[in-house]
Amino acid sequence: MPTDTPSARTRRRLHRVLGLVAAVVAALVTTMLIPPGATADAPASSPSPAPMTSQQWHSAMTQLATPAKGCFTAAYPALAWQSAACTTAPDRRYAPKSGGTADAPRLPAVAGKGVGTIAGPVPYLVGNGIDFSAGVSGVLNGATGSFPTVSGVTGETGGGVPNSYSLQLNSAPFASPICAGHPGCQGWEQFIFSNPGVGTSAAFIQFWILNYFTTCPAGWSTYLSDCYRNGSAVAVPSQPIANLASLSLSGNVTASLDTVVMSTAGGSLSASTTDSTLGLSANWNAVEFMIGGNGGGSQATFNPGSTITVKTVTHDGTTNAPTCLTEGFTGETNNLNLVNSASYAVGASPSIQSVQSNILTTPPSCASAHGTGDTHLETFGGTYYDFQADGTFTLARSSAMTVQSNQVSGASLGWPTAAVNSAVATQMGADTVALCVSRGLVVNGTATPLASGGTISLASGDTIVRSGSQYVVTDPQGDSVTATMNPGYLDVFVGLGSYPQPVTGLLANAPGTNNQLRTSTGTNIPIPVDLTTLYQVYGDSWRVPADQSLVAVCGDQTPATDPTTPLWADQLPTALHDRAQAVCQQDAVKDATLLEACTLDVAVLGDGAATEFIGEPAPVNVAFSEDTAGSPKGENVAVTLPADTKDRYVRLNFTANSQQSGAQVAEFAVNDTTNRDLALNSPVTVSSTTQGLPAQSAVDGNPASYWQSVVGGWPQTLTADLGTASALGSVGITLPPDWAARTQTLSVLGSLDGTTWTTLVGPAAYRWVPSQ
């Protein structure tokens, strides 16, 4: 019998590992290549199964462990790692943010909405602690960073060298076994792609021992009180900045091996696997992905007009969206600014996505909410509603800040039935900052002048920056309140430095929901709501007693009153309505709810009010607006759809008209379950049309224009393409308000693909009467 030597046992273990890898690869290949509807035992009738797409291959490869420690490459479509020679990592330090790990991130302020290159106050410059990071409640076994969209980027330099930059996946500092016996010490790990711009690029891992304070272990280099070392590097072809949208960087960890995987244009992958030096796999709960200078705290400098989206996918064994954290960990920077609110995705690739730009836009936040115009509120969860009560209200309350607003009658603007913000105030830590239409900036009870471009730094760490008519108040956690002064009123935006987090007030949904509101006493209210519930139950619960008011220093508090009737855009004089709506449509405001709100604001507050709606995404849902309350015009006909209707295409099939032998529609609305019109400005097709009365008039938002089919033939159809399958509640059909009464007979059909149709509501006669 042969002797069971250590080398023989090693060979057998290696054979078993390789066998398992082969089985995993075979299983992945089988899974990816078997067509839908087939099984391995009973293949589909197709003689040649479709190969994996490059995206499927990339996803499979980044999750496929390398066979062993070392360096590897892979090329599409081969689903396997090939051994490659390792190289030495560049002799560069990618150090942590300045100030050490004890410093909380500080976000300076940036100007608000508009167009142009940022100037004036220091912007939210990405890097050196300023960034969005993704956190998880458990531990990460990997993460992947990419750039889904790149706009306006024509060049980048680092230290004067074109295409010199680094991509980094950075862990948060964590408790590491290597720190035993060193109080305050933490581990920190970076997965890096170094692109020097000249010569060969490389992917590698850089390990750090922070706050070690004594002689570093053998093989480690010293930097201040820290120690660092590199793992082996894998060579990667140099990547010009023009390839940025095609690049991605992954980091994967196990109890024994950590791996960096770099994906480049053309579908090639490079990986370097090294020992799990710091024990990250047991402690990785937050990750930052960024593009910065190529080491040494340097900067990646993009050309003016550059905007990129940055996406970080978290791999933690769940489908939950990660938590957003307003903080970063590396010392490298770029010259782009962190802007707008982060977005999130759940499912197989849960992620956080953010925007970086050197074009003027809104301050960054993990989640934002606002109260604008006269007065339209949108919660952190995306619920939109009109709120025209007078008095002082709590907009938002979290563990770190309280925000209050004071609403007054719009009588001074000529519209006594409207309400506008006259003041907003926030308490952040020990500081109270109020912005008043009447008094300007008031800090801790004292009127405080601040010139445009000026900054006030308070002892508590809060910062106030003014840029023109806009003031931004920021705390060390990244929470912010932005007030834009307008003649006679102000707009307010509230940003959260981390999300989700417990937050209450008029700008918050009930916890864990985006389709319910919650009173101050904890009662959940489903949406949409009626006028009485909105004001006398929900709104009144958030009124602030006089002795607790933060805005009292503005001196313009008014008696608490609730409106008895709403003010809608369609109640405006026709000429004023149409002119205001035209201004909003010129600014590309298309969503039905936003278009109605914009039209009202422009009519009441002036053309400048349309600015706040430029680029505004459609609300997630609507709690109270002209959509949810319905129109008072008698010419509207509403048809309720069956419960659980979900279609992309909706068709009206006309078979009779009491006034003529042809179909007529001024406005065709297809409402979702929150009463939002999804058909507004959507593509429409018709069976026929009378010259000069086109199909698109039926969805243009103007009840004075209309579509008419040819006269003399039935049936006639009008079909709207909603763009995506949506849960639907009703359809509405409108005729011009000054027409004589008439009856039309029609049925409603729905389809997911535009080919196969289902009758949602059978033929029925519907009566239109003139507006009263």
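These questions and answers walk through a predicted model of one chain.

Q: How many helices and strands are there in the chain?
A: The model is predicted, and both element types occur in the chain. The tally is six helices and 50 strands.

Q: What percentage of the 772 residues in the chain is buried?
A: A residue counts as buried at under 20% relative accessible area. Across the 772 residues in the chain, the buried share is 53%.

Q: Among contacts between residues at least 6 apart in sequence, what share joins residues at least 24 apart?
A: Contact here means heavy atoms within 4.5 Å. Take the contacts between residues at least 6 apart in sequence. The share that joins residues at least 24 apart is 68%.

Q: Which residues have the most contacts inside the largest nonpolar core?
A: Nonpolar side chains tend to be buried together in soluble globular proteins. The largest nonpolar core here has 53 residues. Strand E11 (residues 201–210) gives the largest share of this core, four residues. The residues with the most contacts inside the core are Leu167, Leu244 and Ile291.

Q: Which residues is Leu244 in contact with, leaving aside its neighbours within four places in sequence?
A: Leu244 is among the residues with the most contacts inside the largest core. Set aside the neighbours within four places in sequence. Leu244 then contacts Phe147, Val150, Leu167, Ile291, Phe302 and Ile308.

Q: How many residues are in the other core, which includes Ala389 and Leu534?
A: This core lies apart from the largest one. Its members include Ala389, Val424, Leu506 and Leu534. Its residue count is 47.

Q: Is Leu572 buried or exposed?
A: Leu572 sits in the loop between helix H3 (531–541) and H4. Beyond its neighbours within four places in sequence, its contacts are Trp415, His577, Thr599, Leu600 and Ala603. Its relative accessibility is 6%, so Leu572 counts as buried.

Q: Why is strand E27 largely enclosed by the rest of the structure?
A: Strand E27 covers residues 391–397. The strand is largely enclosed because of how many of its seven residues are buried: six.

Q: Which residue in E28 stands opposite Thr392?
A: E27 and strand E28 (residues 401–410) run antiparallel, joined by six bridges. A hairpin of three residues connects E27 to E28. Opposite Thr392 stands Asn406.

Q: How many salt bridges does a search of the whole structure find?
A: Side chains of opposite charge can pair when their charged atoms come close. The search of the whole structure finds seven.

Q: Which residue forms a salt bridge with Asp275?
A: Asp275 lies in strand E17 (residues 268–275), and its partner lies 206 residues away, in the loop between helix H2 (54–62) and strand E1 (70–75). The closest N and O atoms are 3.2 Å apart. At 38% relative accessibility, Asp275 is partly exposed. The partner is Lys69.

Q: What is the N to O distance between Asp607 and Arg579?
A: Their side chains meet in a salt bridge. Asp607 is partly exposed at 41% relative accessibility, and Arg579 is partly exposed at 43%. The N to O distance is 2.7 Å.

Q: Are Asp672 and Arg676 buried or exposed?
A: The side chains of Asp672 and Arg676 meet in a salt bridge, 3.6 Å from N to O. Both residues are buried.

How values were computed. Residues numbered from 1 in each chain as written. Predicted model: local features only at pLDDT ≥ 70, side-chain atom pairs only at ≥ 80, totals over all residues. Heavy atoms only, no water. Salt bridge = Lys/Arg side-chain N within 4 Å of Asp/Glu carboxyl O. Helix = DSSP H or I, 4+ residues; strand = E, 2+ residues; numbered from the N terminus. Buried < 20%, exposed > 50% of the residue type's maximum accessible area, 1.4 Å probe, protein only. Pairing = 2+ DSSP bridges. Core = buried A, V, L, I, M, F, W, Y, C linked by side-chain atoms within 4.5 Å.
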